[in-house]
Amino acid sequence: MTTSLRALHHTIRHTIRHHRARAGVAVTALTLALPAAAHPGHAPDSGFVAGLLHPVTGVDHLLALLAVGLWSRQQHRYLLAPTFLVMMALGAASSGGVALPALELSIAATVLLLGGLAAYAPRLQQPQMAVLTVGACAFVHGLAHGNELTGMASGAGFILASAGLMLLGAIPGERLRRPLAAAIGAAGIWLVALAR
């Protein structure tokens, strides 16, 4: 009995160390990539390809979408991704080319919030709160991207790429979800510091 308890204890310690190492590597990789800036260019662009590439080149949007994908899989309801897409489109449509103060800081805060919730509140007792939180974060992202992308073609590319990134975020298995979400939350802290 004592030998099996020691073996179990050893296995648990090894597993914890293994996941910490993976999370550390992920945070380091994300941190090195962050100084490249959240949204390269900041100039309005148009065209399907521009819209398709935009979520991949903006690290803040990329991380937020991956976090929504991770969190949606843990909620066991598939409302979060469609909510994000619809509210982001509404935010983009209502932006009207107006530059809002502290928008980059707000977007960075959404990365921190979504990553933290996906890591530490995987299943909320009230799923409506998850939908409301994701919707509010998406609206803020839509406001920023509505100013950067113009035209229906770029919007279509942007929505398609965003949906693909959320699907990608839903792929990792149970063991990887929490460390990846925690790494996204940690990257959000770094983005908030850069945006101030």
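This is a predicted model: local features need pLDDT of at least 70, side-chain atom pairs count only at pLDDT 80 or more; totals for chains, interfaces and linings use all residues.

Analyst: Happy to! The chain has eight helices and zero strands, so read from the N terminus the order of elements is simply α-α-α-α-α-α-α-α. Of the contacts between residues at least 6 apart in sequence, 88% join residues at least 24 apart.

Now to the part itself. Helix H2 covers residues 48–57, and within this helix Ala50, Gly51, His54 and Pro55 are buried. Why can these four be placed on the same side of H2? Because they cover an arc of only 130 degrees around the axis. And what do the buried residues of H2 pack against? Their partners are helix H3 (59–75), helix H6 (127–148) and helix H7 (152–169).

H2 also takes part in the surface. Phe48, Val49, Leu53 and Leu160 form a nonpolar patch there, with about 380 Å² of accessible area together. H2 gives the most to this patch, with three residues, while leucine 160 is found in helix H7.

Phenylalanine 48 deserves a moment of its own. This residue belongs to helix H2 and counts as partly exposed, because its relative accessibility is 39%, which lies between the 20% limit for buried and the 50% limit for exposed. Leaving out residues up to four places away in sequence, phenylalanine 48 touches Ala153, Ser154, Ala156, Gly157 and Leu160. One of these, serine 154, is 106 residues away along the chain, yet the C-alpha atoms of phenylalanine 48 and serine 154 are separated by 4.3 Å.

Leu80, Thr83, Phe84, Leu85, Met88, Gly91 and Ser95 are the buried residues in H4, and what covers them includes H3, helix H5 (103–120), H6 and H7. H3, H6 and H7 also pack against the buried residues of H2. Just after H4 comes glycine 96, with a positive phi of about 60 degrees.

One last stop lies further along the chain. The structure holds one salt bridge, formed by glutamate 174 and arginine 177, whose closest N and O atoms are 3.1 Å apart. The two residues are separated by about one helical turn, because they are three residues apart in helix H8 (residues 174–195). Are they buried or exposed? Glutamate 174 is exposed, with a relative accessible area of 58%, whereas arginine 177 is buried, at 7%.

To come back to H2: this helix has buried residues that pack against H3, H6 and H7, and H2 also supplies three residues to the nonpolar patch.

Terms used
Residues are numbered from 1 along each chain as its sequence is written. Side-chain values use heavy atoms; hydrogens and water are left out. Contact means heavy atoms within 4.5 Å. Buried means under 20% relative accessible area, exposed over 50%, partly exposed in between (1.4 Å probe, protein chains only). The arc is that of the directions from the helix axis to the C-beta atoms. A salt bridge is a side-chain nitrogen of Lys or Arg within 4 Å of a carboxyl oxygen of Asp or Glu. Patches are made of residues with over 30% relative accessible area and no salt bridge: like charges are joined within 9 Å, nonpolar side chains (Val, Leu, Ile, Met, Phe, Trp, Tyr) within 5 Å. Accessible areas come from the Shrake-Rupley method with a 1.4 Å probe; for residues, only the protein chains shown count as cover.
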